[in-house]
Amino acid sequence: MTEACEKAQRFLSGEKIAFAEADALWKALKQSDHITIARRVLERTRKPDTLSDGIPPHGAVRRTLCREHALLTSKDNELHAATRHDQALAILAEGVDLADDAACDSETLGIAGGICKRRWNDLGQHDDLLRAAGYYERGARGALGDDAYTQINAAFIEDLLAAGGDQPEQRRAQAAALRRRIVDELPPLGEWWNVASRAEALFGLGRYQEAADILAQCQNKPAPWQLQTTSRQLAHIAHLREARPLEVPQIHAFFEKLLPGAPDAVRSLIAGKVGLALSGGGFRASFFHLGVLARLAELNVLRHVDVLSCVSGGSILGACYWLALRRRMLMSAPLTHQDYITLVRDLIGHFQDAVATNPRAQIQSSRLAIAWRFLRGCKGALNPEQVAAVLAERFYKPLLPQPFPLHMHDLKFVPADHDARLAGTADFNPGKHNWLRANKVPALVINATTVNTGHAWQFTTTWMGESTWAVHEAADSVRRLDWNYYNPVAGWHVELGRAVAASACVPFIFEPLRLDAGGAYEGPIDLQLVDGGVHDNQGIVSLLASDCTVLLVSDASGQLLLQPQPPQGVRNLLAYARRSMDTLMERVRLANYADLAARLRSGLLRGLMFLHMKEGLDADVVRLKNAQDSYDLQRAPLSPSGIRKDFQQAIAELRTDLNAFTPDEMCALMACGYQMAGKGFQRDLAAPTALSDAPIKAPWVFDAMLAEMTSVAQTTPDRERLLQALAAGSKVKL
């Protein structure tokens with residue numbers, strides 16, 4: 001922690017300081033990109049009883065503090081996006097009547113417009129863009145000031161609305177007029193925000209070379225994190241103007257001049273922030289995800305992944321992949337395209353060996369012991385602590401240098417090729433520095449569900465708890481269990497194996513994992529965690545919370561199948577309850593997909609690849625016997641992914657369990673994920689994102705199975721045997 005952060009912690013804990021000191025403190029924290037703590041310090045500063053001199057801010061000072069407090073609240077990603085922007089507008093209104101033109105200056109209207117713009121960016125509501133346009137337009141009527149802040153943002157919002165089909169010709173004309181005014185009337189000052197506005201105005205007019213020339217006039221570029229905000233908006237404009245921005249030489253040259261010494265940031269900005277989600281679904285999901293990783297490695301896409309969000313079986317594999325990548329990134333040799341392929345190939349071998357030890361058998365009690373557990377009041381047949389121990393020993397220890405603790409807070413690292421000069425610090429934070437890197441360090445998120453609240457619980461390498469994205473306060477009155485950075489001294493920490501075990505604690509199969517938080521929470525909280533799939537089995541929410549704009553979703557979760565004759569009788573009550581839970585989870589899965597599709601249409605997402613194991617399978621209507629219409633079914637042997645439908649159906653029905661899988665089952669799942677990822681990426685992401693490079697075709701252990709599964713031959717010597725073996729794999733093997 002910096003000296004300013006330590007001083008802030010003391011102030012927030014009750015120590016009183018003078019107003020002048022508190023005022024300087026929040027400004028220093030803001031300047032160093034400690035937004036959350038700066039907001040909290042400023043919030044406390046506005047309360048005179050917290051200050052040693054008791055000086056209440058009034059007049060112009062009070063209005064300034066309201067504006068800054070509102071701005072920091074809207075920008076604080078540790079507050080929930082559904083409420084923080086509304087809170088920000090309410091704070092802003094404490095200092096000025098936003099409806100009164102005479103009372104509002106351009107700066108205040110610009111801040112209000114920015115709040116609405118960020119709300120649109122988080123929630124995708126068209127009305128927020130219209131509100132932002134209204135505030136910016138009112139502010140843009142005034143003088144340009146030193147940096148034409150409201151005018152340049154008003155032009156950007158007009159372009160966004162035009163792209164969405166809202167009076168496109170009129171709005172584009174208005175955007176062009178605003179930019180021409182800046183070019184013609186804003187005097188050059190040499191200060192960064194003045195230069196940035198003039199450069200963006202020229203860039204938005206398509207005068208890319210002139211925009212690049214303007215950048216040379218800057219005398220003091222801001223810190224990298226401040227530069228990132230401007231750069232992202234310029235990248236968005238590039239997408240609005242050009243179908244393939246990276247293929248326009250002048251655009252590429254502009255960004256290279258904007259970000260000298262950071263050529264990798266250009267593609268990051270243009271392509272967007274990439275998130276990879278690995279769903280739950282036991283080892284079935286794990287092996288499917290391995291196939292997806294194999295194809296993404298061939299395409300050289302894995303190096304662009306900023307956030308890795310995992311659930312249940314996806315967490316078991318995701319943690320293995322992250323540890324293997326961590327080990328490689330600590331080496332001094334540059335990471336190459338081939339290195340990612342080698343890493344995934346080695347990971348496949350490691351994972352196959354670990355699964356062959358049959359983890360479930362190592363913790364499986366006898367049926368009598370299971371019955372006794374339930375009679376004693378246990379909530380599950382199996383002990384999650386035993387699962388955690390097996391995962392740590394078999395899956396994770398071999399991927400870490402020895403000796404090494406297996407706690408989440410010990411996993412944070414600085415990659416060997418981290419450029420401290422470029423980043424402005426020797427420390428490394430994926431969320432702040434990945435955009436400057438060619439090979440991203442994925443921020444690892446392991447998702448679980450809190451039994452106490454029903455909210456999503458997240459483990460990362462730096463913190464754990466229920467993030468603000470776990471709730472929607474307008475519709476959820478259950479109190480959220482606060483998150484915080486790890487503090488081993490206070491007992492606020494967790495082992496990697498236990499975090500993954502919590503993510504994979506399927507209700508009734510496993511007892512909830514109890515997390516001893518060392519009395520961290522106020523009141524008697526018996527913290528219990530279960531499978532992350534109960535809340536979000538695809539791990540999508542964590543990607544949206546991380547502001548990812550390109551989503552790769554690998555969904556190998558169990559999905560509903562037609563049940564012609566639901567079981568009857570008392571003996572089948574458990575099966576009936578499970579069917580109800582599966583129906584609810586399917587509804588959540590479909591809602592998640594609908595949300596992502598809407599975000600893609602609105603422009604909030606630049607790209608979406610959503611893979612699921614039943615994609616393209618025949619789902620014809622079960623016809624009535626007395627149906628009047630008639631038609632002939634013409635079925636192709638291959639699904640749109642190029643996989644034989646009989647194989648794909650059998651694979652989609654494989655069990656979701658943590659026991660041993662046969663070589664045929666493992667290879668079939670990996671081949672399915674590999675084939676789907678190749679087709680899905682080409683269909684959904686190759687053109688709009690430019691994330692992939694020329695693929696390197698590599699040999700894989702599942703190549704023979706892939707050839708069998710994609711064959712259009714009438715029959716093959718091994719087809720029937722393989723289909724029968726896969727059909728047998730649908731049952732849980734005790």
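Are W463 and W483 buried or exposed? Both W463 and W483 are buried, where buried means under 20% relative accessible area, exposed over 50% and partly exposed in between (1.4 Å probe, protein chains only).

This is a predicted model in which local features need pLDDT of at least 70 and side-chain atom pairs count only at pLDDT 80 or more, while totals for chains, interfaces and linings use all residues. Residues are numbered from 1 along each chain as its sequence is written, and side-chain values use heavy atoms, with hydrogens and water left out.

The structure holds 22 aromatic pairs, counted when ring centres of Phe, Tyr and Trp (its six-membered ring) lie within 6.5 Å, with planes under 30 degrees apart called stacked, over 60 edge-to-face and the rest tilted. W463 and W483 form a tilted pair, with 4.9 Å centre to centre and 55° between the planes. This pair links distant parts of the chain, 20 residues apart, since W463 belongs to strand β6 (residues 463-465) and W483 to the loop between β6 and β7 (484-485); helices (H or I, at least four residues) and strands (E, at least two) are DSSP runs numbered from the N terminus.

The ring centres of W492 and Y521 are 5.6 Å apart and their planes stand at 90°, so this pair is edge-to-face. W492 counts as buried at 5% relative accessibility, and Y521 counts as buried at 16%.

F283, F287, F351, F395, Y396 and F661 form one aromatic cluster.

| Arginine | Ring | Distance from ring centre |
|---|---|---|
| R44 | F11 | 5.2 Å |
| R655 | F661 | 3.9 Å |

Note on methods:
A charge sits over a ring if NZ of Lys or CZ of Arg is within 6 Å of the ring centre and within 35 degrees of the ring normal.
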